[in-house]
Amino acid sequence: MNTLAEIDKEKLIVNAKMNEAKDFILTGDAMQFITELHKRFDADRKMLLEKRDEDQMRLDSGVDPTFLDNTAHIRCSEWKVGPIPEDLMDRRVEITGPVDRKMIINALNSGAKVFMADLEDSNSPTWDNVIEGQKNLYDGVRKEISFINPVNGKNYSLNDETATLMVRPRGLHLEEFGIEFKGKPASGSLIDFGLYFFHNAKELLKRGSGPYFYLPKLEHYREARWWNEVFVFAQEYMGIPVGTIRATVLIETILASFQLDEILYELREHSAGLNCGRWDYIFSFIKRFRNRPNYIFPDRDLLTMEVPFMKAYSQKVIQVCHKRGIHAMGGMAAQIPVKNNPAENDMAMEKVRRDKLREVHDGHDGTWVAHPALVQVAMDIFNEHMPEPNQIETRTPEGIIRAEELIAVPQGAITEAGVRKNINVGIQYLAAWLSGNGAAAIHNLMEDAATAEISRAQLWQWLKRRAELSDGSRLDEYYFDKLYTQEVQKLRIERAMNPAWKPKLELAADKYHELITAEDLDEFLTTESLDLL
């Protein structure tokens, strides 16, 4: 039997300051629910993270990932996931973005079929962003959300018809420093999921929808099993039918692409399909193979969906999802509208059109955009080439995707311009993130933690391997520091950087340099920088 002291240690303790919004969200009943989630699932979460370390050790020893022998029966047998809810049948265009009040209104009004409200990669996890985001979601679910721009007085409110809402909680690796459990930071995953589900699940059901989620950065089917167990407990706790929750898994890690059937199987009564989270996927490939000398990636701009390993991954996702009767969602086009330059804007929009045309022809059932102005661009492509709500039954890529295709090294040059761009973008993004902005417009692209991670991982890899550049030079410490110093100086004096991020420039530059020159590649930029928030 636990002593009173041991029982008290199992309470969640809020360290951060409270205000009206926090009092509204962190009610006694809500705190009790997320406490129960931590009691039952937090220890297993930490064990799953330890398993990731074991998988990394196997990769470092030269063992290639492959399709698992012990789950061959799942891949070879006939089964389907649960039936698709009506308001998730047509997902041809989804918009994503952080959970600030204005973004939620604009995204729900954008004309997209789905809005994925993001508490993860595009949300800087300051205490205010996390809790205010939950309050914004609460109001959005009830269509009581509004916003007045303090600068120009513009009033924002919801249209009568809005997108279906999905929410992405933080990944298993991310912790919430504003709340403690057993003397340690609480789980960001359980905090984000638990608060949104507790406050909104029943209200969503009353409105003919449901609690729908996106699950990020899963690396193994056992992590999908963990989420499924969380879902079952949460539904039983709240007294709603098991199977009410639906979740789309982002396939954004290289190891997960070898376990697609298994991931869907673990979540089958709660599954809403898979999504090609392309930017994190590239980062994961670099990270997981970082200690193999032959796995050197070219400039980031060359890592398109036409690269063989990316094409194989996309086709594999479509094949598996359609076999199991569920959506295979395409990925994010990072372009955003270019102001005051019609020619560059036309070029950016054409890139979006080509990307979405490829996705719909390959067999994807929908796609992602990051800006409301791109919704119609993507919608026009899917409307023309996919008149039905989805193409689960009508279009699937043929052929067998082999294990070696998923880990084929991409070809291409490493250039000084590519090195400079990765330095510039990474510093700017980290400065934005430290300023409370997790989705940052940089060089006419929408950067989030995933794209910044590619830049960081590439720089670390190139420097570690003394990579040869296209001009024949080697990226040693002297050459790298020369370029780094020059790029930091440019950011100090040029106007291209958002002035709102400038106060964090020096802090970001120092931290980014530290991460790139570290002996080993840290798992995530965000976890290593949380103390700076």
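## Packing around one phenylalanine

A: Setting aside neighbours within four places in sequence, Phe115 is in contact with Ile95, Thr96, Gly97, Pro98, Met103, Ile104, Ala107, Leu108, Ala163, Thr164, Leu165 and Met166; contact here means heavy atoms within 4.5 Å. Before going on, note that this is a predicted model, in which local features need pLDDT of at least 70 and side-chain atom pairs count only at pLDDT 80 or more, while totals for chains, interfaces and linings use all residues. Residues are numbered from 1 along each chain as its sequence is written, and side-chain values use heavy atoms, with hydrogens and water left out.

Now step back from Phe115. The largest nonpolar core has 137 residues, and Phe115, Phe193, Phe197 and Trp227 have the most contacts inside it. Such a core is a set of buried Ala, Val, Leu, Ile, Met, Phe, Trp, Tyr and Cys residues joined through side-chain atoms within 4.5 Å. Buried means under 20% relative accessible area, exposed means over 50%, and partly exposed lies in between (1.4 Å probe, protein chains only). A second, separate core of 37 residues includes Val425, Leu430, Tyr479 and Leu491.

Next come the rings. Phe193, Phe197 and Trp227 also belong to one aromatic cluster, whose members include Phe33, Phe41, Tyr196 and Trp226. The structure holds 29 aromatic pairs. One of them joins Phe147 and Tyr156, whose ring centres are 5.8 Å apart with 45° between the planes, a tilted arrangement. For this count, rings of Phe, Tyr and Trp (its six-membered ring) pair if their centres lie within 6.5 Å; planes under 30 degrees apart are stacked, over 60 edge-to-face, and the rest tilted. Phe147 is partly exposed at 23% relative accessible area, whereas Tyr156 is buried at 10%.

The charged end of Arg142 sits over the ring of Tyr138, 3.5 Å from its centre, and Arg268 lies over the face of Tyr265, 3.9 Å from the ring centre. To count, NZ of Lys or CZ of Arg must be within 6 Å of the ring centre and within 35 degrees of the ring normal.

Helices and strands pack too. Both are DSSP runs numbered from the N terminus: helices are H or I with at least four residues, strands E with at least two. In helix α13 (residues 375-385), the buried residues are Val375, Val377, Ala378, Met379, Ile381 and Phe382. These buried residues pack against β2 (93-98), α12 (342-362) and β13 (366-369).

Strand β11 (residues 271-276) is largely enclosed by the rest of the structure, because six of its six residues are buried. Four bridges join β10 (residues 246-251) to β11, and the two run parallel; two strands pair if DSSP finds at least two bridges between them. Within this pair, Ile251 stands opposite Cys276 in β11.

For contrast, look at two loop residues. Asn340, in the loop between β12 (328-333) and α12, counts as exposed at 83% relative accessibility. Asn340 also has a positive phi of about 65° although it is not a glycine. His443 sits in the loop between β14 (440-442) and β15 (445-447) and is partly exposed, at 43%. Its phi is positive as well, near 55°.
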